[in-house]
Amino acid sequence: MHSLVLVGAAFLASAVEMVEALTIVLAVGVTRGWRSAASGVVAALAALGIVVAALGPALARVPIDSLRLAVGVLLLVFGLQWLRKAILRASGLKALHDEQAAYEAEVRELEHRPDRSDRHDWYSFTVAFKGVFLEGLEVAFIVITFGGAQHQVGLAAAGAAIALVAVLVVGAAVHAPLSRVPENTLKFGVGVMLTAFGIFWSGEGAGLAWPGSDASLVAVIAFVALASLGLTRWLRRTAAPTLETRTA
Amino acid sequence: MVAPDRSADAGDEDGMKGVRRFARFWYDFIVGDDWSIAAWVVGIVGATALLARRWDVWPLLPLAVIVVLALSLRRAVRDARATAEEGPREL
């Protein structure tokens with residue numbers, strides 16, 4: 001019975017962390033392309049493997065709060081910039097000229113580099129890497145702390161492995177429907193997710209005690225989404241008509 | 001007559017482009033279109049870390065982040081208004 005409880009606890013705790021990593025990888029993969037996002041995931045898993053193999057049980061002494069703080073602040077800065085652009089576009093203030101300019105710049109670059117397949121998107125790579133590495137490290141902590149307490153690290157690792165399979169199945173199921181969502185809606189959603197994760201992790205790293213622990217992440221996501229929709233409506237009603245009049 | 005080794009030059013050029021792209025990535029990542037966002041985020045998280053030592057201030061961070069976003073949007077609109085007659089510009 002104790003073994004089942006241990007596997008179940010490790011499964012649930014690991015699944016929460018893995019879903020967080022999956023959300024980030026899906027977000028960058030669907031909006032910016034899968035190749036660099038996938039290479040970020042592979043690099044993070046390799047780095048994670050090296051860290052876990054090198055440190056073993058000493059892993060529990062890694063300053064996870066400092067890591068959360070650094071990763072959280074970077075995600076927050078990146079997420080806010082993404083959200084800002086998505087809100088400006090959604091409210092009609094970010095001109096379509098930007099898309100045209102981006103397209104022309106892309107065409108110019110492709111003219112110099114006909115084989116697009118060797119281009120590397122550092123944004124996708126880094127965001128996917130950070131998400132997977134941090135969450136993977138937390139899963140390793142869970143396995144070591146849950147399993148170590150009962151001297152059954154193998155069983156805790158089995159729980160985490162089952163969680164990995166379950167989360168990968170969910171990821172494969174939702175990835176296709178996500179690619180049919182309009183581009184700016186997706187970018188808006190990614191901005192919301194990155195900003196919310198950034199708030200949550202940097203808050204944890206800064207020493208905040210979120211009410212309900214990991215469950216409060218859902219509330220933070222909802223808050224950021226509602227506030228961003230409110231800001232979009234505010235810009236549509238106030239700024240967009242004024243600018244249209246002035247530029248007409 | 002031996003032809004110049006263009007593949008080595010092209011390799012060096014690609015390497016430099018890679019370094020420049022990598023540096024550009026970090027600049028865009030941290031500074032982006034509005035440098036003040038990064039500055040405010042660092043300030044807010046730092047203040048949160050100080051306040052969290054004594055008080056339960058969890059609502060502060062999400063609220064402050066939305067205020068930073070609103071201020072950045074307002075600045076973008078103000079800049080666009082100021083240059084509206086000169087034609088469209090990057091927000």
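**View 1. Ring pairs join Trp122(A), Phe125(A), Phe129(A) and Phe133(A) into a cluster.** The model shown is predicted. Over all chains, the structure holds seven aromatic pairs. In the pair formed by Trp122(A) and Phe125(A), the ring centres are 5.5 Å apart and the planes stand at 80°, so the arrangement is edge-to-face. Both residues belong to helix H5 of chain A, which covers residues 122-149. Trp122(A) and Phe125(A) are three residues apart, about one turn of the helix.

**View 2. Phe125(A) also pairs with Phe129(A).** The ring centres of Phe125(A) and Phe129(A) lie 6.1 Å apart with planes at 15°, so this pair is stacked. Phe125(A) and Phe129(A) are four residues apart in helix H5 of chain A, about one turn of the helix.

View 3. Trp122(A), at 24% relative accessibility, counts as partly exposed. Phe129(A) is likewise partly exposed, at 25%.

**View 4. The charged end of Arg32(A) sits over the ring of Trp82(A).** The distance from this charged end to the ring centre of Trp82(A) is 5.9 Å.

**View 5. Chain B contains three helices and zero strands.** Along the sequence, the pattern of chain B reads α-α-α. Of the 91 residues in chain B, 30% are buried. The accessible surface of chain B amounts to about 6,100 Å², and carbon and sulfur atoms account for 61% of that surface.

Definitions and conventions
Residues are numbered from 1 along each chain as its sequence is written. Chains are lettered from A and ligands numbered from 1 in the order in which they are written. This is a predicted model: local features need pLDDT of at least 70, side-chain atom pairs count only at pLDDT 80 or more; totals for chains, interfaces and linings use all residues. Side-chain values use heavy atoms; hydrogens and water are left out. Helices (H or I, at least four residues) and strands (E, at least two) are DSSP runs, numbered from the N terminus. Buried means under 20% relative accessible area, exposed over 50%, partly exposed in between (1.4 Å probe, protein chains only). Accessible areas come from the Shrake-Rupley method with a 1.4 Å probe; for residues, only the protein chains shown count as cover. Rings of Phe, Tyr and Trp (its six-membered ring) pair if their centres lie within 6.5 Å; planes under 30 degrees apart count as stacked, over 60 as edge-to-face and the rest as tilted. A charge sits over a ring if NZ of Lys or CZ of Arg is within 6 Å of the ring centre and within 35 degrees of the ring normal.
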